[in-house]
Amino acid sequence: MTCPDRHDGAGYGDGARPSSDAAWAPPHQPDGAARPAHAGAAYTAPRTPASGYPAPAGYPEQAPVATVPAPAAHPDRADTAPGTAAEAPAPPAKPGRDRYLDLLRAVALVRVVVFHLFGWAWLTILFPSMGVMFALAGSLMARSLARPAGSVIRGRLRRLLPPMWAFSLVVVPVMFALSWKPVREEGIWWFIKIGSYLFPLGSPPYPEESGSAGGWLELSWADQAAGPLWYIRAYLWFVLASPLLLKAFRRLPWVTLLAPVALTAVIGTGLVTVPGTFGEGLVDFAVFGSCWILGFAHNDGLLQRIPRYLAVSSAAIVMGFGLWWASGHLTEEGWNLDEIPLAQSTWSLGFCAILLVYAPSWQKLPGRLAGWDSLVTLANNRAVTIYLWHNLLLMAAAHLVDELWSVPWFGDTFDTYIERSYEVLVLIAIWPLTGLAILAFGWVEDVAAKRRPRLWPNGAARGRRA
């Protein structure tokens with residue numbers, strides 16, 4: 001994933017681009033430079049009888065599944081009572097939720113958290129989360145655009161922005177309370193940039209250093225807190241551009257699909273540098289644009305019309321090019337594709353193409369995966385909340401683990417074990433904290449979608465009704 005909010009200056013041409021999916025450094029390590037985390041999040045569909053639960057921003061409105069009456073045993077006889085009209089057959093039912101796509105989204109969220117904690121570069125190759133998230137969102141956007149574009153865009157904004165506003169309502173006042181002030185030299189432009197916390201067309205400003213060393217809010221906390229907002233900006237750009245992109249795709253599908261890769265080769269390699277926040281957003285738009293448009297191809301059935309051997313072999317060639325390019329452009333973070341835009345773009349495109357070519361259509365999770373149904377449901381219904389808050393939750397989890405050393409007898413006795421398993425303990429601690437964040441802020445996603453607020457939408461009520 002390429003992300004404009006990184007701050008190590010690697011991987012985006014002249015070093016002017018900040019880095020993205022960088023490893024998160026726990027505050028107890030004095031030499032660990034904390035970096036922003038960027039993950040993606042994706043968006044799910046409203047309530048349907050097939051799925052039984054609603055979902056957050058990014059899914060089209062779906063009509064309830066219709067019930068078609070069974071035909072009479074003798075069609076020449078009237079089965080209706082005198083004076084009543086015969087019931088007209090209902091139109092064919094639309095398919096319900098695709099649990100395969102839901103599973104991919106949940107895996108992507110978990111991968112983002114794990115990567116931002118451990119910083120294993122190979123995870124960006126094993127599962128390019130952001131490419132997957134944009135591909136899924138693009139497919140759902142194309143499906144929604146069967147309705148008037150204006151209403152679809154308004155619906156997306158209504159579902160996307162309120163959760164971000166709730167996040168900003170907590171984070172921004174804390175920044176000001178810790179002595180953050182407007183930059184006099186920037187004048188009115190500084191206040192305009194603050195508007196990105198309300199409508200994220202650009203990168204929101206934040207203090208480079210805030211809080212205190214060793215405190216609950218360490219010096220880099222604002223950097224990490226604002227990091228995830230890059231995805232909200234990129235998603236917003238794609239939503240606004242989708243009506244035109246979809247028209248272009250249906251006229252010139254292959255040109256439209258590959259154009260973002262070509263753009264990445266120009267502006268993501270340093271060949272041409274676009275300065276400022278617009279340049280940052282443009283690079284993200286280019287890097288993940290082909291994944292978004294690949295979602296259009298999935299929705300329109302184009303991938304299914306291509307012989308599978310041809311689609312897979314072509315995807316493998318594109319992925320191979322991505323690894324070859326990465327091998328010659330490694331940064332200080334090694335094989336972290338988030339630092340190498342062209343490698344990220346091509347690897348993600350090929351990877352997502354294979355996932356969607358082989359995509360099954362699951363109304364239920366099969367086999368042993370069914371045991372994860374409630375967690376997959378919860379992750380999809382609260383994807384925006386999990387994504388926005390996970391960086392701050394990682395910091396909070398690290399502080400909780402640090403407190404173990406202060407526990408009488410326990411800290412002295414298990415000092416070595418705590419040190420050796422520090423990241424694992426943080427990974428364990430973040431999940432109950434994520435649950436608290438869902439309880440505290442997740443309901444905003446329901447309100448934004450004009451649904452009844454629910455504290456824990458994991459599909460359990462549906463199971464009880466069954």
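A salt bridge is a side-chain nitrogen of Lys or Arg within 4 Å of a carboxyl oxygen of Asp or Glu. Keep that at hand for these exercises.

The model is predicted: local features need pLDDT of at least 70, side-chain atom pairs count only at pLDDT 80 or more, and totals for chains, interfaces and linings use all residues. Residues are numbered from 1 along each chain as its sequence is written, and side-chain values use heavy atoms, with hydrogens and water left out.

**Exercise 1. Describe the salt bridge between aspartate 300 and arginine 250.**

Step 1. Start with the distance: the side chains of aspartate 300 and arginine 250 meet at 2.9 Å, N to O.

Step 2. Aspartate 300 lies in helix H9 (residues 276-300) and arginine 250 in helix H7 (residues 229-251), so the pair links distant parts of the chain, 50 residues apart. Here helices (H or I, at least four residues) and strands (E, at least two) are DSSP runs, numbered from the N terminus.

Step 3. Check the surroundings. Buried means under 20% relative accessible area, exposed over 50%, and partly exposed in between (1.4 Å probe, protein chains only). Aspartate 300, at 25%, is partly exposed, and arginine 250, at 48%, is partly exposed.

**Exercise 2. Which residue forms a salt bridge with aspartate 446, and are the partners buried or exposed?**

Step 1. The partner is arginine 382, with the closest N and O atoms 2.6 Å apart.

Step 2. This pair, too, links distant parts of the chain: aspartate 446 is in helix H18 (residues 443-448), while arginine 382 is in the loop between helix H13 (373-381) and H14, 64 residues away.

Step 3. Aspartate 446 has a relative accessible area of 1% and is buried; arginine 382, with 0%, is buried.

**Exercise 3. Describe the salt bridge between aspartate 102 and arginine 99.**

Step 1. The side chains of aspartate 102 and arginine 99 are 2.9 Å apart, N to O.

Step 2. Both residues sit in helix H1 (residues 99-118), 3 residues apart, which is about one turn of the helix. An α-helix has 3.6 residues a turn, so residues three or four places apart point the same way.

Step 3. Aspartate 102 is buried at 0% relative accessibility, and arginine 99 is buried at 3%.

Step 4. For the total, the structure holds 10 salt bridges.

**Exercise 4. Which residues of helix H11 are buried, and which are exposed?**

Step 1. Look at the length of H11 (308-327). H11 has 20 residues and reaches 28 Å from its first C-alpha to its last, close to the 28 Å expected at 1.5 Å a residue (the expected span is 1.5 Å times one less than the number of residues).

Step 2. The buried residues are Ala311, Ala315, Met319, Gly322, Trp325 and Ala326. Seen down the axis of H11, they fall within an arc of 120 degrees, so they line one face of the helix. The arc is that of the directions from the helix axis to the C-beta atoms.

Step 3. Tyr309, Ile317 and Trp324 are exposed on the other side of H11.

Step 4. The cover over the buried residues of H11 includes helix H12 (341-357), where contact means heavy atoms within 4.5 Å.

**Exercise 5. Where is serine 179, and what is its phi?**

Step 1. Serine 179 is in the loop between helix H4 (149-177) and helix H5 (188-194).

Step 2. Phi of serine 179 is about 75 degrees, a positive value although the residue is not a glycine. Most residues other than glycine have a negative phi.

Step 3. Serine 179 counts as exposed, at 58% relative accessibility.

Step 4. Now try tryptophan 409, in the loop between helix H14 (383-402) and helix H15 (410-413). Phi of tryptophan 409 is positive, near 65 degrees, and tryptophan 409 is exposed at 58% relative accessibility.
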